[in-house]
Amino acid sequence: MRIAVMADLHMAGKWLTEISPAWQKALDDMKKENVDLLLLAGDIWDNYNVSSRESSFGTPLAALVEPLLASGIATIVVEGNHDQAPPGQKGALTAIENLSGIRVSTKAEIIEQEKVVVVTLPWLTKARLIGKCLDGNFQETEVLFNVAIEKLLAWIKVSISKYNC
């Protein structure tokens, strides 16, 4: 299986004239090399609000999605910090999470994709990882964060052990 990995596209209206041709060339090269799976490792857009005024100039959503879907390359998209929204709002990847051939990962998970197992670990913040705000208690936050990281790493180790990695 051939896998391509890209990150930090930062699709935004103000840069689309430079980004779009490079994105199309990358997809064309992947097709020539018979890439089976594309892993987009975060920061697909430059702003979580893909429908914002600046983001909508040049339609970054269409500039990303149309060539990607046309390529037919199976894709896993992992959430980056620019793709995440503040609490209570939808992140940028919501716009593509139901598209055929694209798998969106906004949490740590194990994804089995044909002959490969992918462990995703989206951008983590302390508040997101421990699931709450601790009113500025830095020491308690650090302890909970470290415990959460240890639990996450242990989960990954146990989860992938069945694959003989």
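Val77 stands opposite Val104 in strand S4, and Leu40 stands opposite Val77 in S3. Strands here are DSSP runs of E with at least two residues, and helices are runs of H or I with at least four, numbered from the N terminus. Please note that this is a predicted model, in which local features need pLDDT of at least 70 and side-chain atom pairs count only at pLDDT 80 or more, while totals for chains, interfaces and linings use all residues. Residues are numbered from 1 along each chain as its sequence is written, and side-chain values use heavy atoms, with hydrogens and water left out.

S3 and S4 run parallel, joined by 4 bridges; S2 and S3 also pair in the parallel sense, over 5 bridges. Pairing requires that DSSP find at least two bridges between two strands.

Which residues cover the two faces of S3? Ala74, Ile76 and Val78 lie on one side, Thr75 and Val77 on the other, and all are buried, meaning under 20% relative accessible area, where exposed is over 50% and partly exposed lies in between (1.4 Å probe, protein chains only). In a regular strand, the side chains alternate between the two faces of the sheet.
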